[in-house]
Amino acid sequence: MNKTANTPFDRDEFRQEVEARLDEIGKPRLSAAFAARVALASLPLLAIPKKTGPAEAGFLWFWPEEKREKHLLAVCRALQVGWSLTTDFSLILDTDTVTANIGPTVDVSDVNAAAVSVSVSAISVSIASTNVAIVSAIADQVNKSVTNAAAAAAYAASADNNLIPWIRQELQRLGQTLEFGAYLDDPSFPQLPLQRAFLSQLRQLSNFDYWADWLQDRYDGRPIDPAILEKTVSLPEEIRAQDPRAINRYLAELTGGKRQEKIKRVRAIFIGNGEAGKTSLISALNGEAVTEGGADMTRGIEISEWPLPDSDLTAHFWDFGGQVIAHATHQFFLRARCVYVLVLNARSADSNPNQQAEYWLEFVRAFGADAPVLLVGNKCDLAPVNVDLNRLRESYPNIQGFHGLSSTQYRGRFAREFGIFRDAFVAQLARAGESARLYFSRNEFAFIAALRAESRRNSFLEKAAFEARCDEYGIAEGERRRGFLDLLDQLGEVIHFPELYRAGFREYLLNPRWLTQGVYRLLYSDLLKDRHGLLRRGDVHELLEGRAIEEDGHRLAYPEDRLDFLIRAMEQFKLCYPAPNAKDAWIVPDLLPSDQPASIGFERRGALRFDFRFQTFLPRHVLNQFIVAHYRDIEENRAWQHGVSLESRKWRNTRALARADYQSRVLKLEVVGDQVDSYFAVLYDSILDILERMPRLKHDQQLHLDEAARIGEKRIFSDEEPTADFGSLLVHKAEGRREFLCEFGKYDLQRLLHLMQSETTGDHRAPNAEKKTERKAMKFWRERLGDLGSLASLLSLFG
């Protein structure tokens, strides 16, 4: 029974009718356009009022109040993406926003809950259909687009039977349509009673006027400017990371022509093993003399500027040190909107060029997404650099070519090869500069230019001076100014740590070089190495106070009153943690002893044993940040470069052991004691929190199978540790199965998972930890298991 028209309706039968008609038309891209129009027609149904409960539930009552704007923006943005079917440009979709943020939390006790639920389902499935059409032309994906479009129409009709004749009329028009742009812009939308109410309530939300206008234009059939559509759909990551109000404000100003200025600089990042010749290559690009062994090894990061030939762009060269200790800190500076130059060394004793390439290409994929990479085989005058380029390109299509050369002979024997590399490098930088999608107003652009000029004179800017500058350049107070400060922080123009300012610091860092050079001077000091990472406040003074550094025209000074900022910034970056039982002292986990303690005293019998197995490489900072996150639980200082022993302060008689095997790329977690379920949930969530910033870093999760849970005969494979994919176990549980069958035999599923499940209703869980676990772990598995991941049966595992 339809809740709106109160007439019988068979949704599946209607879906089959629509799908048959779409198959008959045989134009998948038009099917996606049809789905987009269905979503737009269904949108006013989100204004269905709440019939039961308090009247003040208000607009969008079915979503949690704190998430309403986020969900609504996801819906509107996804609809806008659907309208980009009229263009030919490549779109960059924030799929997490488009999919994970749309589904509502519906109050099922309300009589209108079902109508709202199917309405949002119609919108979600419509969006899925348009996304498939945009990102893929593969046959099975095209068929999926048609299926989704039919399902969307069925959901919409189920929500409101008034849409049934309109949908059939749309299908009739669709068969006569040759140009989908004209079809999308047709104003023949049904005049649902809720349309006016929806747009009116939309305007009452802060900064959602932009979307009310945009949707009204679509209902009225007004043509859309392709150039504006491209800018609004392809939002840069710095804008997508902001809150909904800031995003809406940016979109409105972009559409209104107030944002037309782009930063004319691009970042080039040089990476590779130590002594590969990255610094020498940069010297060659600068036209300087290069001799074998003439450049000192880079410790940390060296930053310099390079005018791009025949362009108004300036390239910023970031020369990254190749030492292992530096790898853990590189994560803070790698970005997607860069050009990467991966320098390989054929004479490296550690690995061959192909192994070097794969390691660093995974680094780029984890932190730099699909940014272009130029491979350079340096020192070819001493030995050839042989790489399997075709095989590497199969796994890393962002490789833009391989260039074998010699930096020391770039003017002589390898002049031709160097010239080819230089031209390719310049072309990639120019392309990156042209594709920049972040636009500023003139006032903001002038403000940024003034900050850069100031950064050459001073590394810091008083907060009061920043506020005065904002007033001078017309950056309004409140949400706008806070959003602008966050944007400057993401761009690296201003380093902003809110926690530090709450602790009393009243300055912003203008020059990131000050931070990187200070941190690396400490990390690479013999003093810290000799003390296995123990850093005292006096050491910071000894190594930095009054010792200015000259770098690329910048004078970096470290006076007494700024050293606390440096230490606190290292804590914020999770590079160190407070030393136990010592005042004004910290531990840098990267410099801990390399050997595991002779006696850990960890009783493994009955422990929950869990592995994170990484397919390509295990970043060193994962364990380091885990140690920093749980430093209060470190048991008797038992922490080393490859592991840590923990004893929970919150849950009695509960311990954990975490160890990283970098050779086999496995992070091992073991938990034992009285309250394994609680401690495991927190530690598991902590690891997911660290991995969240590297969504492309592929890993599997394996649970070691407890022999006590075995059903029947003992395992056959005596030399192999029985494990099972954790996701498979969750699927079995979600489906209500009692047993788990795998190559190691048959197991009692309840007994396998019992150590993870909370079997008490006491208050032994920490409230904050419980909420955090639900947020991270449930989100992780919902994205991977779909509908199964949202079943209540999984909640017992994740808080």
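In strand 23, which residue is the bridge partner of cysteine 742?

Mentor: It's glycine 745: that residue of strand 23 is the bridge partner of cysteine 742. Keep in mind as we go that this is a predicted model. The pair you picked belongs to the contact between strand 22 and strand 23 (residues 745-748), two strands that run antiparallel and are joined by 4 bridges. As background, the strands of a sheet pair through backbone hydrogen bonds, and they can do so in a parallel or an antiparallel way.

For a sense of the whole, the protein has 31 helices and 23 strands. Of its 799 residues, 55% count as buried. Take the contacts between residues at least 6 apart in sequence: 72% of them join residues at least 24 apart.

Strand 1 pairs with strand 3 in the parallel sense over 6 bridges, and with strand 4 in the parallel sense over 5 bridges. Phenylalanine 270 is a handy landmark here. It stands opposite aspartate 319 in strand 3, and phenylalanine 270 also stands opposite valine 341 in strand 4.

Follow strand 3 (residues 314-320) first: it is mostly covered, with 6 of its 7 residues buried. Strand 2 (residues 301-307) pairs with strand 3 in the antiparallel sense over 7 bridges, and in that pairing glutamate 305 stands opposite histidine 316. The two strands make a hairpin with 6 residues between them, where aspartate 310 takes a positive phi near 55°.

Now go the other way, to strand 4 (residues 338-345). Here 8 of the 8 residues are buried, so the strand is largely enclosed by the rest of the structure. In a regular strand, side chains alternate between the two faces of the sheet. You can see that pattern here: Cys338, Tyr340, Leu342 and Leu344 point one way, Val339, Val341, Val343 and Asn345 point the other way, and all are buried. Strand 4 also pairs with strand 5 (residues 373-378), in the parallel sense over 6 bridges. There, leucine 344 has glycine 377 of strand 5 as its bridge partner.

Aspartate 584 has phi near 55°, a positive value in a residue other than glycine. Aspartate 584 sits in the loop between strand 12 (577-578) and strand 13 (585-587), and its relative accessibility of 34% means that it counts as partly exposed. Glutamate 636 also has a positive phi, near 50°, and is likewise a residue other than glycine. But glutamate 636 lies within strand 15 (residues 634-640). Its relative accessible area is 61%, so glutamate 636 is exposed.

On to the helices. Helix 3 (residues 68-83) and helix 10 (residues 209-220) pack at an angle of about 40°, and their axes are 11 Å apart. Angles under 35 degrees would count as roughly parallel and those from 65 to 115 as roughly perpendicular, and helix 3 and helix 10 are therefore oblique to each other. Their crossing is left-handed. Helix 3 brings Leu73, Cys76, Arg77, Leu79, Gln80 and Trp83 to the contact, where they meet Tyr210, Trp211, Trp214, Leu215 and Arg218 of helix 10. Sorted by type, the contact residues of these helices are 8 nonpolar, 1 polar and 2 charged.

Last stop: leucine 194, which is in helix 9 (residues 194-204). With a relative accessible area of 22%, leucine 194 is partly exposed. The C-alpha atoms of leucine 194 and leucine 43 are separated by 9.2 Å, although these residues are 151 apart along the chain. Leaving aside residues up to four places away in sequence, leucine 194 touches Pro44, Leu45, Ala47 and Ile48.

Definitions and conventions:
Residues are numbered from 1 along each chain as its sequence is written. This is a predicted model: local features need pLDDT of at least 70, side-chain atom pairs count only at pLDDT 80 or more; totals for chains, interfaces and linings use all residues. Side-chain values use heavy atoms; hydrogens and water are left out. Axes are lines fitted to C-alpha atoms, for helices over the stretch in contact, and angles run from 0 to 180 degrees between N-to-C directions. Angles under 35 degrees count as roughly parallel, over 145 as roughly antiparallel, 65 to 115 as roughly perpendicular and the rest as oblique. A crossing is left-handed if the near helix is turned anticlockwise from the far one by less than a right angle, and right-handed if clockwise. Contact means heavy atoms within 4.5 Å. Ala, Val, Leu, Ile, Met, Phe, Trp, Tyr, Cys and Pro count as nonpolar, Asp, Glu, Lys and Arg as charged, and the others, Gly among them, as polar. Buried means under 20% relative accessible area, exposed over 50%, partly exposed in between (1.4 Å probe, protein chains only). Two strands pair if DSSP finds at least two bridges between them.
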